[in-house]
Amino acid sequence: MSRATTPKAKGAPALVIAPGATIGILGGGQLGRMIALAAARLGYRCHVFAPEGDPPAGQVAAATTHADYRDHAALERFAKQVSVVTYEFENVPVETVHLLEPLVPVRPGARSLEIAQDRLNEKTFANALGIGTASFAPVDDVPSLEAALARIGTPAILKTRRLGYDGKGQATIEASSDPAEAWQAVGRAPAILEARVDFEREISVVIARALDGTLAPFVPVENRHVGGILDRTTAPAPITPTLAAEAEELAGRIVDALDHVGVLCVELFVSKAGGLLMNELAPRVHNSGHWTIDACGTSQFEQHVRAVCGLPLGSPERHSDAVMQNLIGDDVERWPALLADPGAHLHLYGKAEARPGRKMGHVTWIKPRSS
Ligand SMILES: Nc1ncnc2c1ncn2[C@@H]1O[C@H](COP(=O)(O)OP(=O)(O)O)[C@@H](O)[C@H]1O
Ligand SMILES: [Mg+2]
């Protein structure tokens, strides 16, 4: 297989992976599936590397490797078959990226993963950039939890530092709670205690950063969660232009500091006082960016493909306002009615079993731009 890349040298032009090449994707979920669909439109092939059988991304990819992220032989074979590697899952072990990096460009790089995989790293990193977060403290046992509670107070949220998603690995602590129970509830894993923010709303910024450092943020959106899982995204978020510009600037500061190449999402709280606090980072395409497929000139998935292949970014401008609704578990059974709705853009992920809490698809309604 031909490689469209040349060795990286200081001051050399960006390393372009031209259409026709194969993009390797670590992770096989719906995010990888939508990356592969966008890549196909630009003439790329994708090779999905995923530990699980029949991954949603594999259904639309040219090739799939079914192996563990720590299987060195499988990773080496994979690296030989692709021109660039990206990931759709932020819990890919950092060692996997370290193993691949000498063999093939990996974009975004290991640093984005290292920071975003660990809630303590993530918040420390944000604060060092002058970005506010909820007060937090590391927790490694019940005495350190008690000390953190004495400092931060209640209500607070105890979260595992790693591997949490969709509200999993979290326990709310009220004044009357038993700290030992909360410690038990998060599986006694290294954790972080955070003050519970009394927010006005939750927003996010999905931003792309090209290989040459060009930034392209999508407009900030509002996210409503139900039971810790994203339920609905509204684009644009109903916030002032000043706050929107502040959120976009902050996202730019984050991707620049990480030297990130690709798409990244910053989740933020808008406090009751009107300020922004960072909640968390996702160093990848994000559920709150799905609306961009139907409402923007360039979707977050195409933007990611362009960035990791060293191509110029497209315009992140939206041609429409949008509301994106996740179809979780049995919600997917609404597909016949959604198909009959002329304003609804339906996306299904090809997952066989509609388990509770499982993201099965999403639907986006668009309407003319309001502003
Ligand atoms: N410190 C906090 N204060 C208030 N609400 C929070 C806080 N942390 C998390 N939440 C709520 O829980 C949701 C999920 O938490 P998050 O930290 O984003 O973890 P996950 O990785 O599961 O998305 C958030 O979107 C928000 O609604
Ligand atoms: Mg989150």
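The model is predicted: local features need pLDDT of at least 70 and side-chain atom pairs pLDDT 80 or more, while totals for chains, interfaces and linings use all residues. Residues are numbered from 1 along each chain as its sequence is written, chains are lettered from A and ligands numbered from 1 in the order written, and side-chain values use heavy atoms, without hydrogens and water.

**Select ligand 1.** Its shell holds 19 residues, with K159, G167, V197, E202 and N279 the closest; a residue counts if one of its heavy atoms lies within 4 Å. Six of the shell residues are nonpolar, five polar and eight charged (Ala, Val, Leu, Ile, Met, Phe, Trp, Tyr, Cys and Pro are nonpolar, Asp, Glu, Lys and Arg charged, the others, Gly among them, polar).

A polar side-chain atom of E202 is 2.6 Å from an oxygen atom of ligand 1. For E280, a side-chain N or O atom lies 2.9 Å from a ligand oxygen. Polar contacts here are pairs of N or O atoms within 3.5 Å.

**Colour by domain.** Ligand 1 lies between domain 2 (135-195) and domain 3 (199-368), because both give residues to its shell; the bounds come from an automatic or database domain assignment.

**Select strand 6.** Five of its five residues are buried (under 20% relative accessible area, 1.4 Å probe, protein chains only). A156, L158 and T160 point one way, I157 and K159 the other.

Methods: A polar contact is a pair of N or O atoms within 3.5 Å; within protein, one must be able to donate a hydrogen and the other to accept it, and residues adjacent in sequence count only if both atoms are side-chain atoms. Buried means under 20% relative accessible area, exposed over 50%, partly exposed in between (1.4 Å probe, protein chains only). Helices (H or I, at least four residues) and strands (E, at least two) are DSSP runs, numbered from the N terminus.
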